[in-house]
Amino acid sequence: MTMTTPLSRTSAQITLVAARIAIAGAQGEAERNGWHISVAVVDAAGEPVAFEKCDSAIGISPSVAFGKARTAALLQAPSGEFERFINNGQPSFLSVPGVTPLEGGLPIYSGSQVIGAIGVSGAHGPNDTQVAAAGVAALMTLEVL
């Protein structure tokens, strides 16, 4: 019996155009609410694709936004889920390398495949998630991600 094993696979990744649309959607939501944020979009491997920081966003927010986006991409789940695990008595999640277990990071899907993620920092907790969700929603108008 001979088995064939593929030597490579291809996976879709978020485009720069789509990342910029997600950022615009997030920034629009933040502006409507008077929040000064940083927003980062990463590819499925957690690597940067696009970033924007409001002039008056706090200094730590860029690093936190990238951390939340990277967490959502690599773990293929909202970064806030990991904050809830820790808050509900599972501190072992703090030992996962490179994870930012705070609300505000959401995976971005094309069909059932994670193609990237968006991370927001500066609006605090659930507000960061609200802003990130607006960024993801802005992508729903695109034909192809």
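Predicted model: local features only at pLDDT ≥ 70, side-chain atom pairs only at ≥ 80, totals over all residues.

Q: Let's start with salt bridges. How many are there?
A: The count comes to three salt bridges.

Q: Which residue does Lys68 pair with?
A: Lys68 forms its salt bridge with Asp128, and the closest N and O atoms are 2.7 Å apart. Lys68 sits in helix α2 and Asp128 in helix α4, so this pair ties together parts that are 60 residues apart in sequence.

Q: Are those two buried or exposed?
A: Lys68 is buried, and Asp128 is buried too.

Q: OK, what about Arg32, which residue is its partner?
A: Glu29, with 3.1 Å between the closest N and O atoms. Arg32 and Glu29 are three residues apart in helix α1 (residues 16-33), so about one helical turn separates them.

Q: And how accessible are Arg32 and Glu29?
A: Arg32 has a relative accessible area of 62%, so it is exposed. Glu29 has 14%, which makes it buried.

Q: What's the story with Glu103?
A: Glu103 forms a salt bridge with Arg84, where the closest N and O atoms are 3.9 Å apart. Glu103 is in the loop between α3 and β3 while Arg84 is in helix α3, so the pair links parts that are 19 residues apart in sequence. Arg84 counts as partly exposed because its relative accessibility is 40%.

Q: Why would such side chains pair at all?
A: Side chains of opposite charge can pair when their charged atoms come close.

Q: Back to α2. What length should it span?
A: Helix α2 has 15 residues (61-75), so at 1.5 Å a residue it should span 21 Å. Its end C-alpha atoms are 21 Å apart, which agrees.

Q: Which of its residues are buried?
A: Ser61, Pro62, Val64, Ala65, Gly67, Lys68, Ala69, Thr71, Ala72 and Ala73.

Q: What do they pack against?
A: The buried residues of α2 pack against strands β1 (38-43), β2 (48-53), β3 (105-110) and β4 (113-121), and against helices α3 (79-87) and α4 (126-139).

Q: Where does Ser121 lie?
A: Ser121 lies in strand β4. Its relative accessibility is 7%, so it counts as buried.

Q: What is Ser121 in contact with?
A: Leaving aside neighbours within four places in sequence, Ser121 is in contact with His36, Ile37, Ser38, Ser61, Val64, Ala65, Lys68 and Asp128. That list includes both partners of the Lys68 and Asp128 salt bridge.

Q: How are β3 and β4 arranged?
A: β3 and β4 pair in the antiparallel sense over six bridges. Ser110 has Gln113 in β4 as its bridge partner. The hairpin has two residues between the strands, and Gly111 takes a positive phi near 65° there.

Q: Switching to hydrophobics, what is in the largest nonpolar core?
A: That core has 24 residues, and those with the most contacts inside it are Ile14, Ile37, Val39, Val41, Ile108, Ile118 and Val131. The elements giving two or more residues to this core are α1, β1, β3, β4 and α4. The largest share comes from α1, with six residues.

Q: Which residues does the second core include?
A: The second, separate core has five residues, among them Val42, Ala69, Ala72 and Ala73. Ala69, Ala72 and Ala73 are also among the buried residues of α2.

Q: Why do nonpolar side chains end up buried together?
A: In soluble globular proteins, they just tend to be buried that way.

Q: How far is it from Ala44 to Phe82?
A: Their C-alpha atoms are separated by 18 Å, and Ala44 and Phe82 are 38 residues apart along the chain.

Q: And Thr10, buried or exposed?
A: Thr10 counts as exposed, at 78% relative accessibility. Thr10 lies in the segment before α1, and its C-alpha atom is separated from that of Val96 by 27 Å.

Terms used. Residues numbered from 1 in each chain as written. Heavy atoms only, no water. Helix = DSSP H or I, 4+ residues; strand = E, 2+ residues; numbered from the N terminus. Expected span 1.5 Å × (residues − 1). Buried < 20%, exposed > 50% of the residue type's maximum accessible area, 1.4 Å probe, protein only. Contact = heavy atoms within 4.5 Å. Salt bridge = Lys/Arg side-chain N within 4 Å of Asp/Glu carboxyl O. Core = buried A, V, L, I, M, F, W, Y, C linked by side-chain atoms within 4.5 Å. Pairing = 2+ DSSP bridges.
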